[in-house]
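Let's take a walk through this one together. Have the viewer open and follow along as we go from the whole chain down to single residues.

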Amino acid sequence: MRIFHLFLSFFLGVCGGLFGQEPDLDSLRNILNSERINSVTFQDHIDIQRKLANSDKELTMAFGEALLARKEFMKVDSMKAKAYFELGYNYRNWGDNAKTKFFLTESRVLYQKLKDKPHQTDATNLLAVYYANIDEDSTAMQLYTETIRLAQSINDTLRWISPYKGLSSLFAKMGLNDKCINFCKEGLALAIAFNHPRSIAALSNNMAIGYYQKKEFDQCIVLLKDALKVNQNEGLTEATIRNLSNIGDVYKEIGKLDSSSFYVEKAVQLLPKIQVPRTSIYTLISLADLRILQKKYTEAIKYAEEAIDLGKEADLEGISAGAYKNLYEAHKAIGNEKLALEAFENYWRIQEKFLETERNKTISSIEQEFQSFKKDTEIEILKKDQTLSKTQRNSAIGAAVLLGLLSLLYFNRFRLKKKSEAELQAKNTEIAKQSKVIQTSLTEKETLLREIHHRVKNNLQIISSLLNIQSDSIEDPGVLSSIKEGQSRVQAMGLIHQNLYQSEHINQVDIENYLKELVSYLSNMFAGPQQEISIEVQAEKLQFDIDTAIPLGLIVNELVSNAYKYAFSENKKGNIEISIKPLNDTDYELHVKDNGRGLPDDFEPSKTKSLGLKLVKILSKQLRGNLRSVSDKGAEFIVSFKDLRAYQNQGI
């Protein structure tokens, strides 16, 4: 699925104030251009911006700048903090990252200085939303956690709801679907208890994303339609657009294109009522994607170009990159190879900005610092544990001696006992704090690793797409076959990284799920138009780390590709069986068997000249194993290998 709106919004009230519910825009413009602007109250400045933020960007910005120019207001820290918060909120919607960061950071600092925890909570939460939007997930997670801590410190349960929305969105983005759903359920309980419809809608939407990514589409649609009803009743146009688009995307995913068209088109029809470029771009890309599936390529090009123009105008090219992918697919489908290549080059140009270069070095440095910090902290906690045990023993011995020798010193013993209990409590509190620090650091490390795997997968996907473009202009069957093989190897590695960043356990790959995704890709890549080749995978409950999973995936890739190329080159039907059997805690066997035409009588894996089988032999040795073959009613390749992590942990 290409587009699915995450609800990271922080909902503000609408203005009443001097100008009423529907301010006259011409009157407001006249005020801006006259001396009357200097008599507008501070609250009316705020109310006007809130009322117009999603409908008239130019006028909202003008009143925001006019408020900053009012020195009598900016001298008061509480007013300045509120003005900065409002501007940060609006600039986030409009995609100006530099101004968003500046105004929200300054607002948060001012509220902290004023010891205004309720508004400090709001500013911290919205700053977390900003970092989540620019994919700095570890910083966003820290800020969401800080938001919850602040809300708890003022016992403001209603303010707990916003970070629940943010954290659930973050978990959805990282593929941690169960965590996303659980956080949404907790947040929904609060939102329902406080009868907060907007939060109910946002959390329902985020929970729907979790179910969508788990492929539980029926539950997903129910939640999205519930959220849509709330947003329509509340008159929230932007949120309604997001819901409509999301429902359309789910129907698109399950192949109900007519239903998808109904909802996405309704979303696009509402776009003129708002001025939120981010939402408009997502919605236009969603419709362009739908039109490609409907083979309405001219319309797809039109909507993609609208999204691209809006991205350039609002400095949101990072979001509009998907529109270039729509252009590439549409132009390619109608034979405009030059324009297709140009679109893909633009897509690549934007993606380059997000590739990890210097940032990878930074992450590596952070990793080293974290490991050092973790080691020192754990040593410190162990020391505290030892000191604590010694204190407890000494207190017990001292009390026994005192009780045995002189009962007149009971009061002194009682005093010493109280002191020991106080020390014990203090040390327990300190240990709890240190444990929390370690847990926070581990969470940050996990987030960074997920980001790395996500970026690597994206880079490999780009390489695969470039190979796909190159193959369009090649007619030589041999060269074309080599490129397809290269693509399949890149895909095999890319799927590993995808499984890692979506996995609940960042260091382990669910091998059965991974192999099923891989063979599905290979079937689409190599199966002939009239072939019916079924593939069975059996590797239940097996998990390997990346050092074992990548060579294993490449081995399966080569053996299955060879089966398609040679075993079934003349057959219309066939079967391939893939199984992995554990022999003990470290040793395993991979079997790849087909019922094709079998191997030549004199076939020996060690003497083959096939590049694919040579690669299998090399990778088998890398896994401390070997390759052998059997030919009986087809061909069977058996690869013995070791789980490298378990092997190394045994010190073998």
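A residue is called buried here when its relative accessible area is under 20%, and exposed when that area is over 50%. Keep in mind that what you're looking at is a predicted model. By that cut-off, 49% of the 652 residues in the protein chain are buried. The chain has 25 helices and seven strands.

Let's begin with the helices, at H2, which covers residues 42-52. Eight of its 11 residues are buried, so the rest of the structure largely encloses this helix. Those eight are Phe42, Asp44, His45, Ile46, Asp47, Ile48, Gln49 and Leu52. What do they pack against? The buried residues of H2 pack against helices H1 (25-32), H3 (57-68), H4 (71-74) and H5 (77-94).

You'll find it in helix H7, residues 117-133. Is Tyr131 buried or exposed? Its relative accessible area is 11%, so Tyr131 falls under the 20% cut-off and counts as buried. Leaving aside residues up to four places away in sequence, Tyr131 touches Lys101, Glu136, Thr139, Ala140 and Leu143. Of these, Lys101 sits 30 residues from Tyr131 in sequence, with 8.6 Å between their C-alpha atoms.

Asn195 is in the loop between helix H10 (177-193) and helix H11 (197-213). It isn't a glycine, yet its phi is positive, near 50°. With a relative accessibility of 60%, Asn195 is exposed. Lys215 is found in the loop between H11 and helix H12 (217-233). Lys215 isn't a glycine either, and has a positive phi of about 65°. At 62% relative accessible area, Lys215 counts as exposed.

Next comes a helix pair. Helix H16 (residues 297-313) packs with helix H17 (residues 317-333) at an angle of about 155°, and their axes are 8 Å apart. Since angles over 145 degrees count that way, H16 is roughly antiparallel to H17. The two helices cross in a left-handed sense. On the H16 side, the contact is made by Tyr297, Ala300, Ile301, Ala304, Glu305, Ala307, Ile308, Gly311 and Lys312. H17 brings Glu317, Ser320, Ala323, Tyr324, Asn326, Leu327, Ala330, His331 and Ala333. Sorted by class, that contact has 11 nonpolar, four polar and three charged residues. If you're wondering about the spacing in such lists, an α-helix has 3.6 residues a turn, so residues three or four places apart point the same way.

Five strands make up an open sheet in the order E2-E4-E5-E7-E6, with mixed pairing. Strand E2 (532-538) and E6 are at the edges; each has a single partner strand, so one side of each lacks a neighbour in the sheet. From one strand to the next, the twist averages 15°. Helix H23 (residues 546-567) packs on this sheet, where it touches E2, strand E4 (573-582), E5 and E7. The direction of H23 makes about 15° with that of E5. Helix H24 (residues 611-622) lies across E6 and E7, running at about 130° to E6.

Zoom in on strand E7, residues 635-642. Eight of its eight residues are buried. In a regular strand the side chains alternate between the two faces of the sheet. In E7, Ala635, Phe637, Val639 and Phe641 point one way, while Glu636, Ile638, Ser640 and Lys642 point the other way.

Which strands does E7 pair with? Strand E5 (residues 587-594) pairs with E7 in the antiparallel sense over eight bridges, and Asp587 stands opposite Lys642. Strand E6 (residues 626-631) also pairs with E7 in the antiparallel sense, over six bridges. There, Arg628 stands opposite Ile638, and Ser631 has Ala635 as its bridge partner. The hairpin of E6 and E7 has three residues between the strands, and in it Lys633 takes a positive phi near 55°.

Terms used
Residues are numbered from 1 along each chain as its sequence is written. This is a predicted model: local features need pLDDT of at least 70, side-chain atom pairs count only at pLDDT 80 or more; totals for chains, interfaces and linings use all residues. Side-chain values use heavy atoms; hydrogens and water are left out. Axes are lines fitted to C-alpha atoms, for helices over the stretch in contact, and angles run from 0 to 180 degrees between N-to-C directions. Helices (H or I, at least four residues) and strands (E, at least two) are DSSP runs, numbered from the N terminus. Angles under 35 degrees count as roughly parallel, over 145 as roughly antiparallel, 65 to 115 as roughly perpendicular and the rest as oblique. A crossing is left-handed if the near helix is turned anticlockwise from the far one by less than a right angle, and right-handed if clockwise. Contact means heavy atoms within 4.5 Å. Ala, Val, Leu, Ile, Met, Phe, Trp, Tyr, Cys and Pro count as nonpolar, Asp, Glu, Lys and Arg as charged, and the others, Gly among them, as polar. Buried means under 20% relative accessible area, exposed over 50%, partly exposed in between (1.4 Å probe, protein chains only). Two strands pair if DSSP finds at least two bridges between them.
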